[in-house]
Amino acid sequence: MLQTRSLRNFASLAICAALLCATSMRAQDPPASASPAPSQPQPKPKKNVDSAVSSAPDQPQWDPLRAEKDLDVGKYYMKKGDIDAAIDRFEDATTAKPGYAIPFLYLGEAYEKKGKKKPALKAYQRYLDLYPHAEDGDKIRKKIEKLNKEIDKEKSKL
């Protein structure tokens, strides 16, 4: 009795599968009446300009864990002496977590070591904007003041 029921179920499944295959094959065949008249020009297929590589970002914008990792790696590069790589990592951290003040502090330090005073000034200022009651706020304000004086001296020499 049990074997007969399972045999019937198997036969039903086999018939359903065969019908599904036949239906899907028919859906792919173009109808005979749908062929365009030869006198009408065929439209050219459009090129697909949207590709996954060019339209999708490499990494998600908001990613706090990646921001922390970028900070760690950037600090490592700073210790190693590769300032450009550190700057890249700190900038990545600012994009991964825009309201996070700490990457701007390290970014300012890296730019200052690199000798780029205006970006350093901008990064320090952004740090204070995001974290106005920072423990090292007075120290950073002095750095900002020093950088402003140096930038003014350079302008007056020109």
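Here is a short walk through the nonpolar core and some salt bridges of this predicted model.

Let's begin inside. The largest nonpolar core has 27 residues, and F90, Y124, Y127 and I140 are those with the most contacts inside it. Which elements give two or more residues to this core? They are α3 (64-80), α4 (83-96), α5 (102-114), α6 (117-130) and α7 (137-157).

Now let's turn to the charged side chains. Searching the whole structure gives nine salt bridges. One of them joins R89 and D70, whose closest N and O atoms are 2.5 Å apart. Because R89 lies in helix α4 and D70 in helix α3, this pair ties together parts that are 19 residues apart in sequence. D70 is buried, with a relative accessible area of 3%, while R89 is partly exposed at 26%.

Another salt bridge brings together the side chains of D63 and R66, at 3.9 Å from N to O. Here R66 is buried, at 15% relative accessible area, and D63 is partly exposed, at 21%. The two pairs belong together, too: D63, R66, D70 and R89 are linked in a network of salt bridges.

Finally, look at E154 and K117, which form a salt bridge with their closest N and O atoms 2.7 Å apart. E154 sits in helix α7 and K117 in helix α6, so the pair ties together parts 37 residues apart in sequence. E154 is partly exposed, with a relative accessible area of 41%, and K117 is partly exposed at 23%.

Conventions:
Residues numbered from 1 in each chain as written. Predicted model: local features only at pLDDT ≥ 70, side-chain atom pairs only at ≥ 80, totals over all residues. Heavy atoms only, no water. Core = buried A, V, L, I, M, F, W, Y, C linked by side-chain atoms within 4.5 Å. Buried < 20%, exposed > 50% of the residue type's maximum accessible area, 1.4 Å probe, protein only. Helix = DSSP H or I, 4+ residues; strand = E, 2+ residues; numbered from the N terminus. Salt bridge = Lys/Arg side-chain N within 4 Å of Asp/Glu carboxyl O.
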